[in-house]
Amino acid sequence: MKGLVTGSACGSPWKMSPTPGLFLSVRLWVNHPPETGRGWAAVWSEIQRVLLKISPRNPWPLVDPGSAESGGDCRRQDAMQPQQLHASEVTPSGFRLAWPPLLTADSGYYVLEVALSAEPGTARREQLPGNATGWAWAGLEPDTDYDVALVPESNLRLVRPQRLRVRTLPGEAGPERIVISHARPRSLRVSWAPALGPAAALGYHVQFGPLRSGAAQRVDVPAGRNSTTLQGLAPGTAYLVTVTAAFRSGRERAMSAKACTPVSERSRAPRPPPPGAGGPEP
């Protein structure tokens with residue numbers, strides 16, 4: 001065969017560009033493939049050193065066996081095994097991606113893609129330097145699945161693309177309606193809608209205090225619940241009740257309503273007798 005062929009751990013050869021006038025075939029088997037990119041770089045450096053002795057005036061570029069040019073179907077088992085791409089700080093409108101340092105600033109670059117899972121053709125792309133280890137996507141749709149692909153591009157080492165599916169959180173809709181019920185002289189019940197689950201909200205804060213006073217109290221309600229009973233109120237008093245939804249993104253949405261407690265039976269003045277009712281007979 002005209003050119004040089006070096007074998008990989010998966011059995012498919014890496015084909016080197018042919019050198020005019022040189023007919024040579026070499027197969028290199030690595031019994032214990034390196035686990036890091038640095039290990040593979042050392043192997044490739046040794047190969048290049050041997051090739052330069054054979055033909056110092058001609059380059060020996062590497063052709064990926066899985067490419068159309070090589071005609072191979074190797075699944076790159078001999079490539080460096082990358083660590084897991086993962087997402088954090090997920091919000092209704094975006095998320096942050098992070099990955100370990102697979103490349104360096106001098107060894108290549110990354111192509112980062114994000115697309116709607118239901119519409120793969122709507123991909124957004126970013127080209128990042130080889131020393132990048134994270135990126136934040138914003139402006140996404142709430143409560144939607146997105147497919148993420150991290151594609152390392154390098155001429156020095158083989159690194160597999162990494163893929164991940166991320167679902168954004170539901171929209172951060174705060175309380176839109178507050179209902180006051182079961183009013184008693186010293187208690188009342190507060191309900192609100194919609195009720196958000198733990199996936200979207202951390203919980204609710206219900207603050208209440210007399211309208212004529214600045215003193216306020218607070219009751220914490222876990223996510224998934226949409227009502228609470230306020231105790232220890234004063235009879236015949238108007239209160240300002242504020243329900244605040246606390247979201248995982250750190251933002252909050254609030255709504256307020258006015259509530260009144262009835263006058264207690266003890267503080268009520270005696271009712272006058274109905275008209276026409278006579279008093280006790282002498």
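Me: Why is Asp147 called partly exposed?

Reply: In this predicted model, Asp147 has a relative accessible area of 28%. Buried requires a value under 20% and exposed a value over 50%, so Asp147, at 28%, is partly exposed.

Me: What makes the contact between Asp147 and Arg165 a salt bridge?

Reply: The N to O distance between the two side chains is 2.7 Å. The cut-off places an Arg side-chain nitrogen within 4 Å of an Asp carboxyl oxygen, and therefore the pair of Asp147 and Arg165 qualifies.

Me: Why does Arg165 count as exposed?

Reply: The relative accessibility of Arg165 is 54%. Exposed means over 50%, so Arg165 is exposed.

Me: What makes Arg167 and Asp145 a salt bridge?

Reply: The closest N and O atoms of Arg167 and Asp145 are 3.0 Å apart, and the limit is 4 Å; the pair therefore meets the criterion. This pair also links distant parts of the chain, with Arg167 in strand E10 and Asp145 in strand E9, 22 residues apart.

Me: Which residues do salt bridges with shared partners join into one network?

Reply: Asp143, Asp145 and Arg167 are joined in this way. The structure holds six salt bridges.

Me: What makes Glu113 and Arg125 a salt bridge?

Reply: The side chains of Glu113 and Arg125 meet at 2.9 Å, N to O. With a limit of 4 Å, the pair is therefore a salt bridge. Glu113 belongs to strand E6 and Arg125 to strand E7, 12 residues apart. At 23% relative accessibility, Glu113 is partly exposed, whereas Arg125, at 53%, is exposed.

Me: How do you know that E6 and E7 pair?

Reply: E6 and E7 are connected by seven bridges in the antiparallel sense. Pairing needs at least two bridges, so E6 and E7 pair. One of the bridges joins Val111 to Gln127 in E7.

Me: What makes E7 and E10 the edge strands?

Reply: The open sheet of four strands runs in the order E7-E6-E9-E10, with antiparallel pairing. Strand E7 (119-129) and strand E10 (162-167) each pair on one side only.

Me: Why is Ser107 called buried?

Reply: Ser107 has 8% relative accessibility. Buried means under 20%, so Ser107 is buried. Ser107 is located in the loop between E5 and strand E6. Not counting residues up to four places away in sequence, Ser107 touches Glu153, Ser154, Asn155 and Leu156.

Me: How do you know that E4 and E5 pair?

Reply: Strand E4 (residues 86-91) and strand E5 (residues 94-98) share four bridges in the antiparallel sense. Because at least two bridges are required, E4 and E5 pair. Ser88 has Arg96 in E5 as its bridge partner, and E4 and E5 form a hairpin with two residues between them.

Note on methods:
Residues are numbered from 1 along each chain as its sequence is written. This is a predicted model: local features need pLDDT of at least 70, side-chain atom pairs count only at pLDDT 80 or more; totals for chains, interfaces and linings use all residues. Side-chain values use heavy atoms; hydrogens and water are left out. Buried means under 20% relative accessible area, exposed over 50%, partly exposed in between (1.4 Å probe, protein chains only). Contact means heavy atoms within 4.5 Å.
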